[in-house]
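Please look over the sequence and the structure shown here before reading on. The report that follows goes through strands, cores, surface and charged pairs in turn.

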Amino acid sequence: MALGDRKVKRRIFKKTGSDNERMSDEKITRISASFASNVHIDAPETPDAAQAMIFVVQGIEEDVEELHRYLRSEVGDGAKGDTGDTGPQGATGPQGPAGNNGSNGSNGAAGAAGAAGAAGNDAGVYDNRGTDTVFLPASAFVGMDYTSLTAPDGTTISNRAGTLIAMWPGISGKRVTAISVHTNSARAIASSVNAYRTQLSTITSLLSSAGNSDTSLNITDWTCALGESLAITITPGATTTKIEGATLILG
């Protein structure tokens, strides 16, 4: 079933441009601070709490917009295999014996089934020297607790203490055995990467401890399943560090 159009295509506010829908950086900083302060939990009846919820809804809008873009342009469906040949027609049965009004002969046997078509390639899976791999682009990473910014050369976080997350729903019949998060850092960022299996509200860690960026990390094997996702997080530690994407190794 094809991905439907978004019901609401307009964001609550814009972060760029010069028209009357753009919110100033000062105001964005203020509503972000309201959300970070947990005022929507401590004092939900206050105007500051409303500011916090505007910030949250804007972030959700941006995430939904990016998911639509990613699913439409970078995932797609696996190609169908060719249709098998039609089986030969069964032989005509013999004429029945003549009765008062001669009866009809029996039907011929059914022809054999045609051969099955070849299997199509899985969408998004690439053969890297005999190893199936999936690449998640930089745009798959979004901010968990602070605003993220994606450019053609990578995604950054607006606060050095912030965390970025990318989620992958998997492909039926596939299993992820290792991951690697790529950055523009001159050296691996120590203890910055984590991986989780998410099943609705249940979250299970797939690493015994946080691993380094730009390093192949063996995880507890995750077999793709309906209703589950693989979540990968990274804490860059600097607003200038760019996340360039992630590679998943399939077993």
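## Strand S12 and its partners

Strands S2 and S12 run antiparallel and are joined by five bridges, where strands are DSSP runs of E with at least two residues, helices are DSSP runs of H or I with at least four residues, and both are numbered from the N terminus. Two strands are said to pair if DSSP finds at least two bridges between them. Across this pairing, Thr-133 stands opposite Ile-249 in S12. S12 also pairs with S7, in the antiparallel sense and over seven bridges, and here Ile-243 in S12 is the bridge partner of Thr-183.

The model is a predicted one, in which local features need pLDDT of at least 70 and side-chain atom pairs count only at pLDDT 80 or more, while totals for chains, interfaces and linings use all residues. Residues are numbered from 1 along each chain as its sequence is written, and side-chain values use heavy atoms, with hydrogens and water left out.

## The nonpolar cores

Six of the eight residues of S12 are buried, so this strand is largely enclosed by the rest of the structure; buried means under 20% relative accessible area, exposed means over 50%, and partly exposed lies in between, with a 1.4 Å probe and protein chains only. A nonpolar core is a set of buried Ala, Val, Leu, Ile, Met, Phe, Trp, Tyr and Cys residues joined through side-chain atoms within 4.5 Å. The largest such core has 29 residues, and those with the most contacts inside it are Leu-136, Phe-141, Trp-168, Val-176, Ile-179, Ile-232 and Leu-248. At least two residues of this core are supplied by each of the strands S2 (131-137), S6 (164-168), S7 (175-183), S8 (193-199), S10 (217-223), S11 (228-234) and S12 (243-250). The largest share, four residues, comes from S12.

Which residues does Trp-168 touch, not counting residues up to four places away in sequence? With contact meaning heavy atoms within 4.5 Å, they are Tyr-70, Val-134, Leu-136, Val-176, Trp-222, Cys-224, Ser-229, Leu-230, Leu-248 and Leu-250.

## An open sheet and a loop

Five strands form an open sheet in the order S3-S6-S11-S8-S9, with antiparallel pairing. Strand S3 (142-143) and strand S9 (202-205) stand at its edges, each with a single partner strand, so one side of each is left without a neighbour in the sheet. Within this sheet, S8 and S11 run antiparallel and are joined by seven bridges, and Gln-199 stands opposite Glu-228 in S11.

The loop between S11 and S12 holds Thr-241, which counts as buried at 11% relative accessibility. Leaving aside its neighbours within four places in sequence, Thr-241 is in contact with Thr-155, Thr-156, Thr-183, Asn-184, Ile-189 and Pro-236.

## Helix H3

Helix H3 (residues 47-75) includes Val-75, which counts as partly exposed at 31% relative accessibility. Glu-65 lies in helix H3 too and is partly exposed, with a relative accessible area of 30%. Not counting residues up to four places away in sequence, Glu-65 touches Arg-6 and Arg-11, and the C-alpha atoms of Glu-65 and Val-8, which are 57 residues apart along the chain, are separated by 9.9 Å.

## Salt bridges

Side chains of opposite charge can pair when their charged atoms come close. The structure holds nine salt bridges, a salt bridge being a side-chain nitrogen of Lys or Arg within 4 Å of a carboxyl oxygen of Asp or Glu. One of them joins the side chains of Asp-221 and Arg-175 (2.7 Å, N to O). This pair links distant parts of the chain, with Asp-221 in strand S10 and Arg-175 in strand S7, 46 residues apart. Asp-221 is partly exposed, with a relative accessible area of 41%, and Arg-175 counts as partly exposed at 31% relative accessibility.

Arg-69 forms a salt bridge with Glu-74, their closest N and O atoms being 2.7 Å apart. The side chains of Arg-22 and Asp-25 also meet in a salt bridge (3.4 Å, N to O), and Arg-22 counts as partly exposed at 30% relative accessibility. Lys-14, Asp-19 and Glu-21 are linked in a network of salt bridges.
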